[in-house]
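Here is a short briefing on one protein chain. Look at the sequence and the 3D view, then work through the points below.

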Amino acid sequence: MLTLRKLLRACFANAALIYLIASFSVVPALLQMRAENQQFLEDAPRTPTLLENLLLLLAQFIFVLPVILAAFNGIAWWALRTGKKSARVWALAASLSLLLTGIGLWSLDLYLNSRFPTGHPPLFAWIIGGHLVVGIAGIIAFFPGGSALTDLHPTRIAGDGTHKYLDTIGIILQVGATVWLMNIYSRWAYEQRLPFSHGLEPWAQWFVVISLATLLHESGHALIGIALGMKLRAFVVGPFQFRVIEGRWKFAFRPTQLLAFSGAAGLVPLDPNESRWNEVAVIAAGPFVNLLTGGVAAALAYSAVGAPWQPFWEYFALFATVSVVAGVVNLIPLRPEGLYSDGARILQILRGGPLYDYQHAARIAQSGSVSRTRPKDFDIAAIERTSAHFTSGEIGLLLRLWATEYYLDRGELAQARVAFAQAEEIFENSASNVLAGLHSCMVVNAALTRRDAEATRIYWAAMQTKPIESLDTNYLQAKCAFHWSEHRLELALEAWNACMQKLAELPDVGGCNYDRDCHARLREIIEASETQANFEYPELSSHHGPLTSALPVDDK
């Protein structure tokens with residue numbers, strides 16, 4: 001249900017934008033119609049009947065409808081995004097407004113097709129269907145009470161260079177600039193007698209243009225990063241997501257991102273001491289590509305009169321509008337939907353501080369999936385500096401787990417125990433908000449650092465409350481550790497062998513090699529338990545480490 005609500009939130013945002021654009025066209029027409037109606041009433045030889053007055057009011061209401069729909073859907077999106085108490089009410093109001101609009105359009109379509117049969121599919125079939133589907137789905141999704149309306153965004157970090165009011169200004173600027181530029185090129189095209197698209201083609205234009213602009217933006221990040229010697233580990237354009245998982249590229253299609261029109265290019269450095277200016281260049285490449293391609297598209301649209309590409313002038317004009325606006329707004333320090341804009345990330349790099357240290361440590365930790373980097377290569381100084389600032393939450397937990405893995409990979413067991421004890425304190429206060437992947441880290445590290453059977457069982461029980469997306473090596477290693485903690489050694493060996501088969505197929509990169517060393521250490525623990533009645537344990541071997549490196553969720 002949460003996935004459906006996220007998709008509906010995106011639908012509300014897109015509906016608000018579409019009807020807002022429509023409002024700019026119908027409001028002047030409404031004012032003109034009111035003046036004409038007033039003049040008609042004054043010149044009428046008799047007093048209009050009640051039915052005639054109702055019909056005049058109905059005609060005016062139809063012109064006001066886009067404004068009402070834009071308001072309902074916009075407020076619903078904003079309330080869901082910010083977690084307002086009134087979010088459920090506004091979501092239901094927006095869903096009901098779309099459902100009623102769909103029913104009205106459907107009735108009008110049936111009437112027109114009965115009076116003017118053409119033998120073609122029903123008029124506005126996709127538009128009507130979209131209204132009906134979103135309206136019904138919204139009522140079903142938001143009517144039940146007592147459950148989370150949407151996922152929680154991470155708390156805004158002090159000193160990250162963004163502000164909630166700046167986010168609002170950014171949204172207003174993006175929508176306002178888009179509508180303003182569309183109005184300019186539409187008037188120019190009308191004067192030049194250029195053809196306009198009709199029917200479903202404008203919808204296709206928006207989808208194609210935004211998808212292409214996102215693809216070029218993320219390609220700009222990726223190409224510059226690769227040229228500077230970095231490695232690509234994730235490439236996302238809307239619902240199409242390519243990621244390196246367990247050392248191999250994997251593709252996933254996520255329908256909840258179909259209307260989000262967002263993207264990401266996950267680049268990681270091969271050199272832990274990568275220049276900050278290289279990072280700035282990679283981030284700035286995305287908006288630069290948008291501005292460059294937007295300028296080229298604007299030139300093609302302006303020169304389309306009488307040119308071979310005249311039939312496509314609208315695509316070029318819309319692409320220029322979307323790309324230029326996206327390029328400019330993306331350079332403003334913003335944090336929409338919990339993700340930082342390119343401008344915010346550039347500002348954080350130039351300013352330095354704890355947030356930059358965390359992002360730097362995260363990129364090094366992620367690089368193990370595509371390079372020879374292991375936890376012993378982490379920047380422990382940056383991790384410890386940042387840990388003093390982030391003392392709670394997922395970031396705080398990740399930092400302590402990275403420190404644990406750093407010391408374990410170096411065979412420094414005493415320091416690893418201290419780091420893991422700090423991770424346990426944070427986990428105790430934030431377990432409900434921690435993903436299953438980090439739960440598995442807690443399970444295995446409890447076994448590796450202290451051979452603490454009770455803690456291993458507790459963390460395994462907490463992990464079972466989370467949805468398990470796949471039975472990957474992380475899960476199998478945690479399962480192995482859990483059976484060991486229960487002294488069910490045959491089951492522990494069975495899980496160990498299943499995990500070993502998967503590890504043997506993984507590529508020769510730092511993260512996977514680290515996992516294999518970790519797995520060898522788990523085998524030592526199981527074999528030691530077979531010959532010892534108690535759970536006393538020897539010191540950790542210097543060449544073995546813990547579970548696979550804990551990685552943050554966000555690739556952007």
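How many bridges join strand S1 to S4? There are six, and the two strands run antiparallel. Keep in mind that this is a predicted model. The protein chain has 556 residues, and 45% of them count as buried. Its secondary structure comes to 18 helices and four strands.

**The chain as a whole**

- The accessible surface of the protein chain is about 27700 Å². Carbon and sulfur atoms hold 65% of that surface.

- Four strands make an open sheet in the order S3-S2-S1-S4. The pairing is antiparallel.
- Strand S3 (248-253) and strand S4 (263-268) stand at the edges. Each has a single partner strand, so one side of each has no neighbour in the sheet.
- On average, neighbouring strands of this sheet are turned by 20° against each other, direction ignored.
- Strand S1 covers residues 231-237. Val 236 stands opposite Ala 264, which is in S4.
- Helix H6 (residues 201-227) lies across S1 and S4. Its direction is at about 5° to S4.
- In general, strands of a sheet pair through backbone hydrogen bonds, either parallel or antiparallel.

**Gln 241, a residue in the sheet**

- Gln 241 sits in strand S2 (residues 240-245).
- Is Gln 241 buried or exposed? Gln 241 counts as buried because its relative accessibility is 6%, and the cut-off for buried is under 20%.
- Leaving out residues up to four places away in sequence, Gln 241 touches several others, including Phe 235, Val 236, Lys 250 and Phe 251. Gln 257 is also one of its contacts.
- Gln 241 and Gln 257 are 16 residues apart along the chain. Their C-alpha atoms are separated by 9.8 Å.

**Aromatic pairs**

- The count comes to 15 aromatic pairs.
- One of them joins Tyr 185 and Trp 313. This pair is edge-to-face, with 6.0 Å centre to centre and 80° between the planes.
- That pair links distant parts of the chain. Tyr 185 is in helix H5 (residues 164-191) and Trp 313 is in helix H8 (residues 313-329), 128 residues apart.
- Tyr 185 counts as buried because its relative accessibility is 13%. Trp 313 counts as buried too, at 0%.
- Another pair is Tyr 358 and Trp 402. The ring centres are 6.0 Å apart and the planes are at 20°, so this pair is stacked.
- This pair also links distant parts of the chain. Tyr 358 is in helix H10 (residues 354-366) and Trp 402 is in helix H12 (residues 393-409), 44 residues apart.
- Tyr 358 is buried, with a relative accessible area of 11%. Trp 402 is buried as well, with a value of 0%.
- Which residues do ring pairs link into a cluster? They are Tyr 185, Trp 188, Phe 196, Tyr 302 and Trp 313.

**Charges over rings**

- The charged end of Arg 335 sits over the ring of Tyr 340. It is 5.6 Å from the ring centre.
- Arg 523 lies over the face of Trp 496. Here the distance from the ring centre is 4.7 Å.

**Helix H9**

- Helix H9 (residues 342-351) is mostly covered. Seven of its ten residues are buried.
- Among them are Asp 342, Gly 343, Ala 344 and Arg 345. Ile 346, Gln 348 and Ile 349 are buried too.
- What do the buried residues of H9 pack against? They pack against H6, helix H7 (276-302) and H10.

**His 483**

- His 483 is found in helix H16 (residues 473-485).
- His 483 counts as buried because its relative accessibility is 10%.
- Not counting residues up to four places away in sequence, His 483 touches Arg 488, Leu 491 and Ala 492.

Key
Residues numbered from 1 in each chain as written. Predicted model: local features only at pLDDT ≥ 70, side-chain atom pairs only at ≥ 80, totals over all residues. Heavy atoms only, no water. Buried < 20%, exposed > 50% of the residue type's maximum accessible area, 1.4 Å probe, protein only. Areas by Shrake-Rupley, 256 points an atom, 1.4 Å probe, with all protein chains shown as cover. Phe/Tyr/Trp six-rings, centres within 6.5 Å; stacked < 30°, edge-to-face > 60°. Lys NZ or Arg CZ within 6 Å of the ring centre and 35° of its normal. Contact = heavy atoms within 4.5 Å. Pairing = 2+ DSSP bridges. Axes fitted to C-alpha atoms, helices over the stretch in contact; angles between N-to-C directions.
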